[in-house]
Amino acid sequence: MITSLKKPPPASGPGSTGDRRGGGRTPTAPGGTRTAGKRGSRTGYAFVTPLMVVFALFYLWPVLQSVLSSFFTWGLLRPWNLFDRSTWQFAGMANYRHTLSDPDFWHAGANSLLWLILFPLMVVGISLVAAVAIWHARRWSVVFRTVFVLPMTISLAAAGVIWSFVYNPDAHIGVLNAVLKALHLQGTLNIGPLHLKTTGQWLADPGTLNLGFYDIRLVNVFVIIAAAWAFAGYGVITFSAGLASLPQELVDSARVDGCGPLQVVRHVVVPHLRQPMRIVFVVSVIFALRTFDIVYVMTSGGPGTDSTVLGLLPWQEAFAFLTSPQAGQGAAVAVLMSAVLIVLGFPYLKSMLPRKESR
């Protein structure tokens, strides 16, 4: 009779020796997991705290100061101080009521709305065409990319100075007027609601576009053209980065199926660049709403208030009149602009967040 040499398996009961001596996995104590989690949380807070302190000091605190200062009457020569009650001249909602009832505010808002419409369309259109052309011209792509990106290396104030020379009414200085004079195209052009004067006063009185309920001053259009020229380099870089990730197999397949160059751009390139187009468009919208420097350099909001935008209005309220206490109204304009930026930017930021997959 052969006896089996195999030992019987250890008992698996709760009181068995194998269970006590390591026959099974010993569960981790819940207290140890909680301790490790607290230690990791403290480490994360230690890394985040310096950044949050800087963010609070240099962003949240100035924002709070600006919002509070919009409820008081003060000026640069008579500044408002949160910690000095002698400087408090409470105005309540008077600054906001005055701002919202001021025709100059709504006129500047209409000019900013024109910027919001034309500027993003120009930037996206010009930079998209330039990026696709550079993508096709592979041999000279570096040269073309440099030509379009170089204007981005200068400030918008410098771009405004350059285009002020382009629009100069003197044909010996202004490039545009010199070309029109050589082609004998100076005069007045009336096409339906469009009244364009090509006599050289591009930054003074170039004409209007009559919408029936409102006249658009074309001086804004010429300033927007200068700004789009300076800002298009950002779009070219963004679209070129998107085209670098375009699979060549898709382009080759479209060409094999008989698609021409325009059809490839329409059905392959443009759908691939939807996300970069969204980024360029939203950034252009934000820039258009807060634009200041190029308008100030080229027209200073003139003639009169024809080219005044919302970004220029707080400066005119707070800085142009040093002896009058209108800085509170300038702060109210800045708060209203910030609110509009938040409303416009929130859908974009929400769309950039990763979406949870539905189960």
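**First stop: a loop residue**

Select T291, which lies in the loop between α11 (274-290) and α12. Helices and strands here are DSSP runs numbered from the N terminus, a helix (H or I) having at least four residues and a strand (E) at least two. The model is a predicted one, in which local features need pLDDT of at least 70 and side-chain atom pairs count only at pLDDT 80 or more, while totals for chains, interfaces and linings use all residues. Residues are numbered from 1 along each chain as its sequence is written, and side-chain values use heavy atoms, with hydrogens and water left out.

Is T291 buried or exposed? T291 counts as buried because its relative accessibility is 2%; buried means under 20% relative accessible area, exposed over 50%, and partly exposed in between, with a 1.4 Å probe and protein chains only. Now display the neighbours of T291: leaving aside residues within four places in sequence, T291 is in contact with W115, V309, G311 and L312. Contact means heavy atoms within 4.5 Å.

Most residues other than glycine have a negative phi, and most peptide bonds are trans. The next selections depart from these patterns.

Select S300, found in the loop between α12 and α13. S300 is not a glycine, yet has a positive phi of about 55°. With a relative accessible area of 41%, S300 is partly exposed.

Move on to P303, which is also placed in the loop between α12 (293-298) and α13. The peptide bond that leads from G302 to P303 is cis, with omega near -5°.

Then select H184, in the loop between α7 (175-182) and β1. Phi of H184 is positive, near 55°, and H184 is a residue other than glycine. H184 is exposed, since its relative accessible area is 73%.

**Third stop: the sheet**

Strands of a sheet pair through backbone hydrogen bonds, either parallel or antiparallel. Colour the strands β1 to β4 to see an open sheet of 4 strands in the order β1-β2-β3-β4, with antiparallel pairing. Its edge strands, β1 (188-191) and β4 (215-217), each pair on one side only. On average, neighbouring strands of this sheet are turned by 15° against each other, direction ignored; the axes are lines fitted to C-alpha atoms, for helices over the stretch in contact, and angles run from 0 to 180 degrees between N-to-C directions.

How many bridges join β1 to β2? There are 4 bridges between β1 and the antiparallel strand β2 (residues 194-197); two strands pair if DSSP finds at least two bridges between them. To trace the bridges, select N190, whose partner in β2 is H195, and then L189, whose partner in β2 is L196. β1 and β2 form a hairpin with 2 residues between them, and G192 in the turn has a positive phi of about 60°.

Select F165 in helix α6 (residues 156-166). F165 is partly exposed, with a relative accessible area of 49%. Not counting residues up to four places away in sequence, F165 touches I173, G174 and V175.

**Last stop: enclosed and open spaces**

On a 1 Å grid over the protein atoms alone, a cavity is a set of points where a 1.4 Å probe fits but cannot get out, and a pocket is an open set with protein on both sides within 12 Å along at least five of seven lines; lining residues have an atom within 4 Å of a point. Grid points are joined across faces, edges and corners, and a volume is the space filled by probe spheres set on the points.

The whole structure contains 1 cavity of 30 Å³ or more. The largest cavity holds about 40 Å³ of space. Select its lining: H98, T99, D102, F105, L313, E317, Q329 and V333.

Finally, turn to the largest pocket, with about 380 Å³ of space. Of its 18 lining residues, S66, P314, G330, A331 and A334 lie nearest its centre. Two or more lining residues come from each of α2 (30-69), α13 and α14. The largest share, 7 residues, belongs to α14.
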